[in-house]
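User: I'm new to this one and would like a quick tour. Can we go through it piece by piece?

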Amino acid sequence: MTIFLAVLSIGLAIWVLVLLLDTRRIRRELVHINQTDTNAKVTATLAVHRPLVQEINTTLDMTRQLLRTRQQEDARVRALMTNLVHDIKTPLAIAAGYNQLVQKNAAAADQTRTQKVADSLATVSHYVDTLMNFSLLQETTQGLTLQPVNVTDLLGRLLLTYYDTFTAKQLMPDIQLAPALTMRTDERLLSRVFQNLIGNILAYGVGQPTITGERAAAGTIQFTFANAVAQPIPDVQALLQRFATAQQTAHSSGLGLNIMQTLVQRLGGTASVAQSTSRRFVVQLTFPAELAVKVPGSSKSARSPAKQ
C-alpha cells in the first residue's frame with residue numbers, strides 16, 4: 001500500500017509538472033503573439049488544454065477581424081477626408097482669385113463688402129489647408145499605387161486650375177517643362193506634392209515665380225519651384241522641419257514643406273530647399289533614373305502650353 005501511494009504521488013507530481021510546463025509554453029506563445037504582428041495561433045499538446053486553447057484562438061480570430069475592419073474603416077475615412085478637402089480647395093482658390101479681380105474694379109462703396117468676402121475666403125482657406133496638411137500626414141503611411149504617369153501633363157493641368165489665382169495675385173509663373181516627362185509614381189500623392197508647392201508660391205511669393213521640369217544628369221528627373229520672397233529667410237533648411245515656418249502667423253501651420261518632403265521621400269525622390277543671393281526661395285525635387293519611363297520623341301525641351 002505504501003509503495004502504491006508513493007508511485008501515485010510521483011505520478012501526480014510528474015503530471016502536475018507537465019501541466020505547469022505546458023501552461024508556461026502557452027503563456028510564452030501568447031506573449032509572442034501579443035508583442036509581434038503575426039497571424040500565429042496558440043497550440044495544444046495536452047488534451048486537457050485543448051478546450052482552453054480553442055477558446056483562446058477563437059478570441060484571437062475575433063480580435064484580428066475587428067482590427068482589420070477598423071483599419072479598413074479608418075482608411076476609407078482618411079481617403080474621404082483627403083478627397084473632400086481637395087475638392088473644396090480648388091474652387092475655393094478660384095473664388096478667391098475672382099474676388100480679387102472684382103475688388104480691383106469695384107466702386108469705393110463696394111470695397112468693404114469685397115474685403116469681407118476676401119477675409120472670409122482667407123479664413124476658410126486656412127482651415128482647409130490645415131485639414132489637408134493633417135490628412136496628408138495620414139496618407140504617408142498608406143500603400144502606393146505605382147504606374148507610369150506623364151508628369152508634364154499632370155503638372156500642366158494642375159497649374160491651369162490655379163490660373164485665375166495667379167492672375168489675381170499678379171504672379172504669372174515662367175513655366176518650362178520638358179515634354180512627356182514620364183515616371184512610375186503614385187499620381188495622387190505626386191499631385192499633393194505639386195499642389196503644396198503651388199500653394200506655397202501663392203501664399204508667400206512675390207514677383208514672377210519659375211517652375212521647371214527637366215531630365216537632368218544621369219537620367220534623373222528634376223522639378224524646380226522658385227519664387228522671390230518679401231523678406232530674407234534666416235534659416236532655410238529649418239523650413240523642412242515640422243511646425244517651422246518663415247512667417248509665424250495664425251494662418252500658417254508649419255506643416256507644408258515638411259509634409260512635401262515626406263511625400264517626395266515616400267515616392268522615392270529627394271527634396272531640397274535653398275535661398276539664392278537674389279532672395280529667391282528655391283525648392284528642388286529629384287527623382288532617380290530608375291523611376292523614369294522613356295517615351296519616344298520626348299528628348300526635346302519645350303515650354304509648357306500653360307505658359308503660352
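User: Which strand does helix α6 run at about 20° to?

Analyst: Keep in mind that this is a predicted model. Helix α6 covers residues 187–204 and lies across β4, β5 and β7. The strand that α6 runs at about 20° to is β5.

User: What is the order of the strands in the open sheet?

Analyst: Five strands make up this open sheet, and their pairing is mixed. From one strand to the next, the twist averages 10°. Reading across, the order is β2-β4-β5-β7-β6.

User: How many bridges join β4 to β5?

Analyst: Strand β4 spans residues 205–215 and β5 spans 221–229, and the two run antiparallel. The number of bridges joining β4 to β5 is eight.

User: Is Thr167 buried or exposed, or partly exposed?

Analyst: Thr167 lies in helix α5, residues 163–168. A polar atom of its side chain lies 2.9 Å from the backbone oxygen of Tyr163. Buried means under 20% relative accessible area and exposed means over 50%. Thr167 has 29%, so it counts as partly exposed.

How values were computed. Residues numbered from 1 in each chain as written. Predicted model: local features only at pLDDT ≥ 70, side-chain atom pairs only at ≥ 80, totals over all residues. Heavy atoms only, no water. Pairing = 2+ DSSP bridges. Helix = DSSP H or I, 4+ residues; strand = E, 2+ residues; numbered from the N terminus. Axes fitted to C-alpha atoms, helices over the stretch in contact; angles between N-to-C directions. Contact = heavy atoms within 4.5 Å. Buried < 20%, exposed > 50% of the residue type's maximum accessible area, 1.4 Å probe, protein only. Polar contact = N/O pair within 3.5 Å; in protein donor to acceptor, adjacent residues only side chain to side chain.
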